Amino acid sequence: MIVVVAAAIVDGTPSRVLAAQRSYPPDLAGFWELPGGKVDDGEGELEALTREVREELDVEISVGGRLGDDVAIVGGDGVLRVWWARLAAGQPRAVEHAQVCWISRFEAAELAWLPSDGPIVAALLEGWPVD
């Protein structure tokens, strides 16, 4: 089974969460997601999460607790697992995405998220950090 990890990176008061817009593959380009990626063989989930965020955004994060439950990945044999996080070093930039931006709770509800991210976005909105 494939495990994909992602981070709901929180910043500021009122709180904002970092969203990333996919640039590939073509059938997913333009959809939004939380940054992250696949756990490699022999790699721990949190190790993979910090590596993926470093590769995708050129930042270091401090990982907190889990956000929501495992979510089945649409059209695949895998699960998505998401953690809350905060920036530890650096400023996010779109290394592997079309763009990244900080979004409010209201903006999160309006974005076109990846199909697999629906339950995570619902959990994100329910557990949104205090504004």
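## Fold, cores and salt bridges of a predicted model

Of the contacts in the chain between residues at least 6 apart in sequence, 68% join residues at least 24 apart. The model is a predicted one. Its chain holds three helices and seven strands, and from the N terminus on the elements follow the order β-β-β-β-α-β-β-β-α-α. The radius of gyration is 13 Å, close to the 14 Å that the globule rule gives for 131 residues, so the chain is as compact as a globular protein of that length. Along the principal axes, the C-alpha atoms fill a box of roughly 40 × 30 × 25 Å. Buried residues account for 42% of the 131 residues. The chain exposes about 6600 Å², of which carbon and sulfur atoms supply 52%.

The largest nonpolar core has 20 residues, and those with the most contacts inside it are Ala8, Leu34, Val82 and Trp113. At least two residues of this core come from each of strand S1 (2–11), strand S2 (16–21), strand S5 (60–72), strand S6 (78–89) and helix H3 (118–126). S1 gives the largest share, four residues. Another core, of 16 residues, lies apart from this one and includes Ala7, Val53, Leu57 and Ile61.

Leaving aside neighbours within four places in sequence, Leu34 is in contact with Ala6, Ala7, Ala8, Val17, Leu18, Val82, Trp113, Asp117 and Ile120.

In H3, the residues Ile120, Val121 and Leu124 are buried. They lie on the same side of H3, because they cover an arc of only 100° around the axis. The buried residues of H3 pack against S1, S2, S5, S6 and helix H2 (105–110).

The salt bridges come to eleven.

| Arg51 | Glu43 | 2.7 Å |

Salt bridges that share partners join Asp40, Glu43, Arg51, Glu52 and Glu55 into one network. In the pair of Arg66 and Asp70, Arg66 is partly exposed with a relative accessible area of 36%, and Asp70 is partly exposed with 38%.

Conventions: Residues numbered from 1 in each chain as written. Predicted model: local features only at pLDDT ≥ 70, side-chain atom pairs only at ≥ 80, totals over all residues. Heavy atoms only, no water. Core = buried A, V, L, I, M, F, W, Y, C linked by side-chain atoms within 4.5 Å. Buried < 20%, exposed > 50% of the residue type's maximum accessible area, 1.4 Å probe, protein only. Contact = heavy atoms within 4.5 Å. Arc of directions from axis to C-beta. Rg over C-alpha atoms; globule rule 2.2 N^0.38 Å. Areas by Shrake-Rupley, 256 points an atom, 1.4 Å probe, with all protein chains shown as cover. Salt bridge = Lys/Arg side-chain N within 4 Å of Asp/Glu carboxyl O.
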